[in-house]
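Have a look at the sequence and structure before reading on.

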Amino acid sequence: MFFSLAAVEVGTHLYWEIAGLTVHGQVLLVTWLVIAIILSITVLGTLKLEQVPKGLQNFVEAVYEYVSGIAKDQLGEAEYRPWVPFVGTLFLFIFVANWLGALVPWKLIHLPEGELAAPTNDINTTVALSLLTSLSYFYGGFKVKGLGFFARYISPTPIFLPINILEDFTKPLSLSFRLFGNILADEIVVSVLCLLVPLLVPLPVMVLGLFASSVQALVFATLSAAYIAESVE
Amino acid sequence: MNPIISGASVIAAGLAIGLAAIGPGIGQGTAAAQAVEGLARQPEAEGKIRGTLLLSLAFMESLTIYGLVVALCLLFANPFAG
């Protein structure tokens, strides 16, 4: 009933049945496209390494410095290096996914059901990403401290035990909801404005959406790095 | 769908996002004001202040986003629609 009020499609997916599992096809397609874009830029940029970088290599090096800066800001000079790949991958994947969803006119490609959009507007993607963050901060904590990692649950006093346990659940919850909500809200605002005034008016909101989605990628990467830093220090 | 349920859902969705916007709105205003004050005192710390401000604004915004998620659930995936 609500679908007819505004011609905005929320919660309709292109379902694929793969080996007994139901998969959201449009998310899978765009996810692989994002991976292909990142991979091809990285491979092309590092194909012919030169002492004095120019062109694509210059760009790739700048991106690398930026993402390693995110990790360095949170984890510190001493131990940020092993976490640069993880934090950098999170940032690049979310950033490219968000911008791909906002910049490419997906409406032109008709699917039988649902529509192509940023993969991060599906809660499954964001939950998967934030669970990866949880896994990696547990891994980092156990690797550095061993079983002493559990000491953080009763710090500063054992009274905090329930709150500290709860925190392990709220961290991925808030991470995933923040990203999902922001991206979906962007798309809904843009499509509602397009419905009301199809010309020019949605443009500033689209630009704001581009900015907000890049900030969300930065926030996700920064928070993951901060959670990892909390458990390895 | 039962008209009472749909009416209540729409009102609840509006309330969820509206009420959830109050607190973060006030918080973001305070944070931005403090950032501007810090900028006026120390213009050379602009980069650091901007980064921290953006990050904390995103944190506060996420509270409104939780309200939005609840509103979207009520509108598009209502568990009581039956």
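## The hairpin in chain A

Two strands pair if DSSP finds at least two bridges between them. Helices (H or I, at least four residues) and strands (E, at least two) are likewise DSSP runs, numbered from the N terminus. This is a predicted model, so local features need pLDDT of at least 70 and side-chain atom pairs count only at pLDDT 80 or more, while totals for chains, interfaces and linings use all residues. Residues are numbered from 1 along each chain as its sequence is written, and chains are lettered from A and ligands numbered from 1 in the order in which they are written.

With that settled, look at strand E1 (residues 15-18) and strand E2 (residues 21-24) of chain A, which pair antiparallel over four bridges. Ile18(A) has Leu21(A) in E2(A) as its bridge partner. The two strands make a hairpin with two residues between them, and Ala19(A), in the turn, has a positive phi of about 50°.

## Chain A as a whole

Chain A has seven helices and two strands, and their order along the sequence is α-β-β-α-α-α-α-α-α. The C-alpha trace spans about 55 × 55 × 40 Å along its principal axes.

How much of chain A is buried? The share is 28% of the 233 residues, where buried takes 20 or more other C-beta atoms within 10 Å of the residue's own, exposed takes 12 or fewer, and partly exposed lies in between, with C-beta atoms placed from the backbone. Contacts are counted when two C-beta atoms, placed from the backbone, lie within 7 Å. In chain A, 66% of the contacts with a separation of 6 or more link residues 24 or more positions apart.

## A helix pair in chain A

Two packed helices are described by the angle between their axes and the distance between the axes. For helix H2 (residues 25-45) and helix H3 (residues 56-79) of chain A, the axes come within 8 Å and cross at roughly 120°. Axes here are lines fitted to C-alpha atoms, for helices over the stretch in contact, and angles run from 0 to 180 degrees between N-to-C directions.

Which residues make the contact? H2(A) brings Ile41(A), Thr42(A), Leu44(A) and Gly45(A), and H3(A) brings Leu56(A), Gln57(A), Phe59(A) and Val60(A). By class that gives five nonpolar, three polar and no charged residues. Ala, Val, Leu, Ile, Met, Phe, Trp, Tyr, Cys and Pro count as nonpolar, Asp, Glu, Lys and Arg as charged, and the others, Gly among them, as polar.

## Chain B

Chain B comes to two helices and zero strands. Its C-alpha atoms fill a box of roughly 60 × 15 × 10 Å along the principal axes. Buried residues make up 21% of the 82, and 80% of the contacts with a separation of 6 or more join residues 24 or more positions apart.

Ala16(B) sits in helix H1 (residues 3-41) of chain B. Why does Ala16(B) count as buried? Because it has 21 C-beta neighbours inside 10 Å. Leaving aside neighbours within four places in sequence, Ala16(B) touches Gly67(B), Val70(B) and Ala71(B). Gln34(B) is 18 residues from Ala16(B) in sequence and 28 Å from it in space, C-alpha to C-alpha.

## Where the chains meet

The contact takes 14 residues from chain B and 15 residues from chain A. On the chain B side, helix H2 (residues 46-76) gives the most, with 11 residues. That side divides into 12 nonpolar, two polar and no charged residues.
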